[in-house]
Amino acid sequence: MRRKTVIMGFLLALSLILSYIESIVPLAVGIPGVKLGLPNLVVVLLLYSYGGKEALTVNLLRIVLSGFLFGNLFAVLYALSGAACSFIVMCLLQKSGRFSITGTSIGGGVFHNIGQIVTAMFVVESFAPVFYLPFLLIAGAGTGFFIGLIGSRMTPLTGRMSDNGDLGMK
């Protein structure tokens, strides 16, 4: 159990580092607010290696900590709303057994943006943000594909992370 805690702490730190990198390196695609979702790589790998509880814990801690370290209260609000939608969809896709890591990540990327648009509509009390959705859906699918592709390449290296901390490697 101690090794698992150490691994979770390491992965939380890794996701915070990826959040920081993402906050200082802009993605120049012409769509404001679009990010690669690098910290979601950790979430997807945890979901497939340990399960939903561990992935959710690290994701929530990362969002709150990175929001206070690198963002603001609105950043936390939008990140939590996007993460909630994304996480629910990724868990459902993963549990169905019909989707690869890449497919699950694409679903997560798309629904992350849907969650953020819904939150934006409540914050500005207008349906205007919905017109931004088609661009974000395309961006979410693209970044989800990118993160999923990396994750699918990493799982043969990590295997199933076991409680004894050997990361499933022989």
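**Cores and a helix crossing in a predicted model**

The largest nonpolar core of this predicted model has 22 residues, and those with the most contacts inside it are Met-8, Leu-11, Val-42, Leu-46, Ala-55 and Val-58.

Student: Which helices supply this core, and where does the largest share come from?

Tutor: At least two residues of the core come from each of α1 (2-24), α2 (39-49), α3 (52-70) and α4 (73-96), and the largest share, seven residues, is supplied by α2. A second, separate core of six residues includes Val-34, Ile-117, Leu-133 and Leu-136.

Student: Why is Ser-81 called buried?

Tutor: Ser-81 has a relative accessibility of 15%, and buried means under 20%, so Ser-81 counts as buried. Ser-81 lies in helix α4, and, leaving aside residues up to four places away in sequence, Ser-81 touches Gly-115, Gln-116 and Thr-119.

Student: How do α2 and α4 cross, and which residues meet there?

Tutor: The axes of the two helices, α2 and α4, come within 11 Å and cross at roughly 35°, and the crossing in which α2 passes α4 is right-handed. On the α2 side, Val-43, Val-44, Leu-47 and Tyr-48 meet Phe-87, Met-90, Cys-91 and Gln-94 of α4.

Terms used: Residues numbered from 1 in each chain as written. Predicted model: local features only at pLDDT ≥ 70, side-chain atom pairs only at ≥ 80, totals over all residues. Heavy atoms only, no water. Core = buried A, V, L, I, M, F, W, Y, C linked by side-chain atoms within 4.5 Å. Buried < 20%, exposed > 50% of the residue type's maximum accessible area, 1.4 Å probe, protein only. Helix = DSSP H or I, 4+ residues; strand = E, 2+ residues; numbered from the N terminus. Contact = heavy atoms within 4.5 Å. Axes fitted to C-alpha atoms, helices over the stretch in contact; angles between N-to-C directions. Left-handed = near helix turned anticlockwise from the far one by under 90°.
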